[in-house]
Amino acid sequence: PEIILSESAIKSYPKLADTINGLNEKWSIETRNAVSQYGYYREEDDFSGDAPYSSETTVEILRFDEHLLSIKLSYYDFSGGVHPMHSVESVNLDPVTGKEITLQDVLADTKGAPEIIKEELYSQYPDIIDEFESFSYTDDDENAGFVEMLTEKLNQGSITWMLLLDGLGITFSPYEIASYAAGYLDIVLS
């Protein structure tokens, strides 16, 4: 993907333009590396016909105003396994400084946030509460609880979030906090 800012946006937000140029270059390098890897796999694998390799990255701009540029990246990769892998990631930038805005910058109470996220997930997805608990682990503790895992994700900055018109949107990708079959898990905190 490539984001191209208008001339007026570049003039209004030159530091943001520099950051966007850096992201565009990063995505270009990642794309070339993926093509190279899949080319190598194609030569090594013994498939008859076309190799089942595909990789796609898309970018959706969810918000762009004087306070925030919120970008959602969607990834899809298939290299011949049982199913493709897909995930989402977010990039939230201050247009004036061009710097990333973290979830900790947005939340008034980072200590209480994991419990609030857990409550909303349990409320919206009651059929997979057991999965949430079975996927709970941290880098330091394989037996950590769900709140501890969410706390670690928050501290590491690995929660995918976006500021939407109706609140704080949080998305968890397959395998992140539940099984692949559970799919994407989305919540919005007002």
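These are my notebook entries on what I looked up in this structure, which is a predicted model.

**Entry 1: the whole chain**

I began with the secondary structure of the chain, which comes to six helices and six strands. Reading from the N terminus on, I wrote down the order of the elements as α-α-β-β-β-α-α-α-α-β-β-β. I then looked up the extent of the chain and found that its C-alpha atoms fill a box of roughly 50 × 50 × 30 Å, taken along the principal axes. Of the 190 residues in the chain, buried residues make up 36%. For contacts with a separation of 6 or more, I noted that residues 24 or more positions apart account for 50%.

**Entry 2: the sheet β1-β2-β3**

I turned next to the open sheet in which three strands stand in the order β1-β2-β3, with antiparallel pairing. Its edge strands are β1 (53–64) and β3 (85–93), each of which pairs on one side only. From one strand to the next, the twist averages 15 degrees. Looking at the pairing of β1 with strand β2 (residues 69–79), I found eleven bridges in the antiparallel sense, and I noted that serine 55 stands opposite aspartate 77 in β2. Helix α2 (residues 14–44) packs on this sheet, where it touches β1, β2 and β3, and its direction makes about 165 degrees with that of β1.

**Entry 3: the sheet β4-β5-β6**

I then looked up the other group of strands, and here again three strands form an open sheet, in the order β4-β5-β6 and with antiparallel pairing. Because β4 (160–164) and β6 stand at the edges with a single partner strand each, one side of each is left without a neighbour in the sheet. Neighbouring strands of this sheet are turned by 20 degrees against each other on average, if direction is ignored.

I went through the pairs in turn. Strands β4 and β5 pair in the antiparallel sense over five bridges, and the bridge partner of tryptophan 161 is isoleucine 170 in β5. Strands β5 and β6 also pair in the antiparallel sense over five bridges, and phenylalanine 172 stands opposite leucine 185 in β6.

**Entry 4: helix α4**

I checked the length of helix α4 (residues 113–124), whose twelve residues should span 16 Å at 1.5 Å a residue; the C-alpha atoms at its ends are 17 Å apart, which agrees. I then asked which residues of α4 are buried. They are Ala113, Pro114, Ile117, Lys118, Leu121 and Tyr122. Seen down the axis of α4, these buried residues fall within an arc of 165 degrees, so they line one face of the helix. I set beside this the general rule that an α-helix has 3.6 residues a turn, so residues three or four places apart point the same way.

What do the buried residues of α4 pack against? I found α5 (129–134), α6 (146–156), β5 (167–172) and β6 (185–189). As for its direction, α4 lies across β5 and β6, and it runs at about 120 degrees to β6.

**Entry 5: leucine 154**

I looked up leucine 154, which lies in helix α6. Is leucine 154 buried or exposed? With a relative accessible area of 3%, leucine 154 is under the 20% cut-off and is therefore buried. Not counting residues up to four places away in sequence, leucine 154 touches Leu103, Gln104, Leu107, Thr110, Ala113, Pro114 and Ile159; Ala113 and Pro114 are among the buried residues of α4. For threonine 110, which is 44 residues from leucine 154 along the chain, I noted that the two C-alpha atoms are separated by 8.1 Å.

**Entry 6: threonine 160**

My last entry concerns threonine 160, which is found in strand β4. Threonine 160 has a relative accessible area of 6% and so is buried. Leaving aside residues up to four places away in sequence, threonine 160 touches Val88, Glu89, Ser90, Gly169, Ile170 and Thr171. I also noted that the side chain of threonine 160 reaches the backbone oxygen of valine 88 at 3.4 Å.

Notes
Residues are numbered from 1 along each chain as its sequence is written. This is a predicted model: local features need pLDDT of at least 70, side-chain atom pairs count only at pLDDT 80 or more; totals for chains, interfaces and linings use all residues. Side-chain values use heavy atoms; hydrogens and water are left out. Helices (H or I, at least four residues) and strands (E, at least two) are DSSP runs, numbered from the N terminus. The expected span of a helix is 1.5 Å times one less than its number of residues. Buried means under 20% relative accessible area, exposed over 50%, partly exposed in between (1.4 Å probe, protein chains only). The arc is that of the directions from the helix axis to the C-beta atoms. Contact means heavy atoms within 4.5 Å. Two strands pair if DSSP finds at least two bridges between them. Axes are lines fitted to C-alpha atoms, for helices over the stretch in contact, and angles run from 0 to 180 degrees between N-to-C directions. A polar contact is a pair of N or O atoms within 3.5 Å; within protein, one must be able to donate a hydrogen and the other to accept it, and residues adjacent in sequence count only if both atoms are side-chain atoms.
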